[in-house]
Amino acid sequence: MPSDPPSTADDPSNLGDDIDHAALARVMRTVPLGAGVLAGGAVALLVLGYLLIYLLVFIPRGTVG
Amino acid sequence: MSELQQHRHERRILGTEIAWAFGVGILIAATLSVIVFTALTKGVNPPSNVERIDPKTLHLAGEFAEHNLGTTVAPDGGVTVRIIATQFMFVPRCIAVPYGRPVTLRFATPDVIHGVLVTGTNVNTMVVPGYVAQVHTEFIRSGELLMPCHEYCGLGHSEMWATVQVMPESEFKPGSDGRISCARH
């Protein structure tokens, strides 16, 4: 029974050959800003939630130790 | 793309990552500062008492014998409450505590792991066989607060709860033996 021909993707030397360096450069110029805004916004919401729970729920519930 | 341009892009990415790491470092430092500040100024700490007790004999004699359970006011005014958590009840079922005064809650169990919280307060601890769980607190909500078991301890777990009766100072009058029970309504 004939077997499938080996895929070129299995050969590590072929990986990345099709990258358009100009397109990659364009993406790399904008990725840090977009990722920063997204991650910064998410972390800011998380910190805001933590502070609200800390100040409005945890502290008013009194001391414990 | 020239090598110079690529180098510039890589530096920009590196700068973004360093700025992000710096911001995260500040957040971690701020969070730790909040914890330390709360511990130092408000006395809020995780309950971390380590005290052994024999679960097989705790009901026979000593601190957790039946006559010693409930609220006791020492001659110096210190309020201590001793409670046994057992399948599927707290003994006693209701404890009286004063409003706005330091109170020490001490729990022990003769059977399995239980958990305790008092609603509307930060009181929350596990009760593990072989150990005394201790929580220092001050009740700043008056009225009756629910104290359920919050660790599944068996089929009757959902029926295991007690009441904390927070009394104003004018009503919190212990007897001559320093003991006080819940007021009946």
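Phe88(B) is found in the loop that runs between strand 2 (79–86) and strand 3 (89–91) of chain B. In this predicted model, a cis peptide bond joins Phe88(B) to Gln87(B), with omega at about 0°. A cis peptide bond also joins Val91(B) and Pro92(B), and here too omega is about 0°. Pro92(B) belongs to the loop between strand 3 and strand 4 of chain B.

Pro92(B) leads on to the largest pocket. This pocket has a volume of about 230 Å³. Its lining is made up of 16 residues, and those closest to the centre are Pro92(B), Cys94(B), Ile180(B), Ser181(B) and Cys182(B). Three elements of chain B give two or more residues to the lining, namely strand 1 (70–73), strand 4 (94–98) and strand 11 (179–180). Strand 4 of chain B provides the largest share, three residues. Sorted by class, the lining of the pocket holds eight nonpolar, five polar and three charged residues. For readers who wish to look at the pocket in the structure, Pro92(B) is a handy place to begin, as one of the residues closest to the pocket centre and a partner in the cis peptide bond with Val91(B).

Attention now turns to the meeting of the two chains. In the interface, 19 residues of chain A are in contact with 25 residues of chain B. The size of an interface is often expressed as the accessible area that is lost when the parts come together. For chain A and chain B, the buried area is about 2,100 Å², and carbon and sulfur atoms give 65% of this area. On the side of chain A that touches chain B, there are twelve nonpolar, five polar and two charged residues. Between chain A and chain B, eight residue pairs are in polar contact, with both residues at pLDDT 80 or more, while the count of salt bridges between these chains is zero.

In one salt bridge, the side chains of Arg106(B) and Glu51(B) meet at 2.6 Å, N to O. This pair links distant parts of the chain, with Arg106(B) in strand 5 (residues 102–108) and Glu51(B) in the loop between helix 1 (3–42) and strand 1 of chain B, 55 residues apart.

Terms used: Residues numbered from 1 in each chain as written. Chains lettered and ligands numbered in written order. Predicted model: local features only at pLDDT ≥ 70, side-chain atom pairs only at ≥ 80, totals over all residues. Heavy atoms only, no water. Contact = heavy atoms within 4.5 Å. Buried area = accessible area lost by both parts, 1.4 Å probe. Salt bridge = Lys/Arg side-chain N within 4 Å of Asp/Glu carboxyl O. Polar contact = N/O pair within 3.5 Å; in protein donor to acceptor, adjacent residues only side chain to side chain. Nonpolar A, V, L, I, M, F, W, Y, C, P; charged D, E, K, R; others polar. 1 Å grid on protein atoms, 1.4 Å probe; cavity = no way out; pocket = protein on both sides within 12 Å on 5 of 7 lines; lining within 4 Å. Points joined across faces, edges and corners; volume = space filled by probe spheres on them. Helix = DSSP H or I, 4+ residues; strand = E, 2+ residues; numbered from the N terminus.
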